[in-house]
Amino acid sequence: MTTTTENLTTLESTTRKLAGYQFYREVLGSPKYVVAPMVDQSELAWRRLSRRYGAQLIYTPMINAKVRRLPKQSFIRNAFFDLETGEEGDPTADRPLIVQFCGNDPEKLLKSAKALEDHCDAVDLNLGCPQEIAKKGKYGAFLQDDWDLIYKLVNILHVNLSIPVTAKFRVFSTVEKTVEYAKMLERAGAQILTCHGRIREQRGQNAGLADWAKIRAVKEAVSVPVFANGNILFQSDIEVCLRETGCDGVMSAEGQLYNVALFSGLTSDPSSTSPSSTSTVPEHSSSTSSAPLSETDKPTALPPLKLSQHPRHADLALEYLDIVKSLKTRTSVSAIKGHLFKIMRPALSRETDLRERLGKVTIKKTGNFAEGALQPYVDVCLEMKERMDVRAEGKSLDELVTIDEATGLRILPHWLTQPYWRSPKPAPATGQFFLSLFLAFLLSSSHGLDTSFLSLFVNSLFRPSPFR
């Protein structure tokens, strides 16, 4: 009888799913450099390229739970996660991998997640999408006012899946509410939390700075691993973010999307190899979401740049297309075109004829990528490569860099990959400003809104930097 009991105990210990830091270390391998879930952009081909350039953990594009309930042979269903080729979630080439879902029906969400639990390491719940489509569909950040529903969504996955559930969310206007929200997610069963340091209203040209102080408060309040999301443009920002937030890893979306080599050359110990190790000055830093840097606050010395961190974008574009052609899994044409525009963005504003050619390329849905269907894209990239084959004799990369006066950020030569930040919306004229301020005050008062609404409105008029 004792032997049977011992055997059952051993079986339970070997089959139970790992949680928290044990999952983070033993399954995921303690990742610090994480690629965010990006709609139509963190697809398989991009994941393959990202792993070549230092990404240690990648999330799939967000999948609406409704999609996985379509018939198995549905083209739309396979477009989001193709199980037929066996390449997505492949243990040898596409791991560690977390599949992100959005939804608002616990039972339907569970059914969809069950369909993919054998093809990934965890399932993530999207609680951060601030776009209008999320508002219409009642998912993402527009669920954050319904804590009971969110608890049910996370908990049903936690209880019923054979793999852990994680959650990515946005902060609230106050630290206190943000912390309570994170603690609720942990109680519901989330084994990793990704905290995006912007509130729901911060998006597009009104994105502003992510609030690292709130992320740090979340990290100090929970016992599960936490990833910080927001304000990462250059490698030099990574160590500073980890230091200021205390987080276990950094997740990047747009920063990595415009420069796939963002994590290139780093190890799991950023303090040993970070480009900031020779300088404590980050490219930009914000532990709060306050006003822009003053002249005296702007960094006077920046860490040196390396070509390995900012490769020639035409070469990266061609490398990406080679991966697309090599896969059995079909990459959506919209994803391909989107990546090429972003990768080569620094030069496309100059090479307007190539930008126009790239925009006009049309690829048939039935076209065979491996047999030349992508050649129009390849031709544009080859022409770009020829034009960008620039040699700056006797000059280092740092000598070729200019400084953006408004932000203090470095602008690299246009033939290299580099981050992108949106120009701020101009402040309104004085009369218009005071009228807008008065109307915002009335709106806040009449609707009983938190006073931070007014603060956010004022900050959005002056804060110049929509860092992602």
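**Close-up 1. Arg-387 and Glu-383 pair through their side chains in a salt bridge.** In this predicted model, the N to O distance of the pair is 2.9 Å. Both residues belong to helix α17, which spans residues 375-387. They sit four residues apart, so about one helical turn separates them. Arg-387 is partly exposed, at 28% relative accessible area. Glu-383 is also partly exposed, at 26%.

**Close-up 2. A salt bridge joins the side chains of Glu-180 and Lys-183.** The N to O distance is 3.6 Å. Helix α8, residues 175-188, carries both partners. Their spacing is three residues, so they are separated by about one helical turn. Glu-180 has a relative accessibility of 37% and counts as partly exposed. Lys-183 is partly exposed too, with a value of 30%.

**Close-up 3. Arg-200 meets Asp-145 in a salt bridge between loops.** Their side chains come to 3.3 Å, N to O. Arg-200 lies in the loop between β7 (190-196) and α9 (212-221). Asp-145 lies in the loop between α6 (132-137) and α7 (147-160). The pair therefore ties together parts that are 55 residues apart in sequence. Asp-145 is exposed, because its 56% is over the 50% cut-off.

**Close-up 4. Four charged residues form a network of salt bridges.** The linked residues are Arg-47, Arg-51, Glu-88 and Asp-94. How many salt bridges does the structure hold? The count is 20.

Conventions. Residues are numbered from 1 along each chain as its sequence is written. This is a predicted model: local features need pLDDT of at least 70, side-chain atom pairs count only at pLDDT 80 or more; totals for chains, interfaces and linings use all residues. Side-chain values use heavy atoms; hydrogens and water are left out. Helices (H or I, at least four residues) and strands (E, at least two) are DSSP runs, numbered from the N terminus. Buried means under 20% relative accessible area, exposed over 50%, partly exposed in between (1.4 Å probe, protein chains only).
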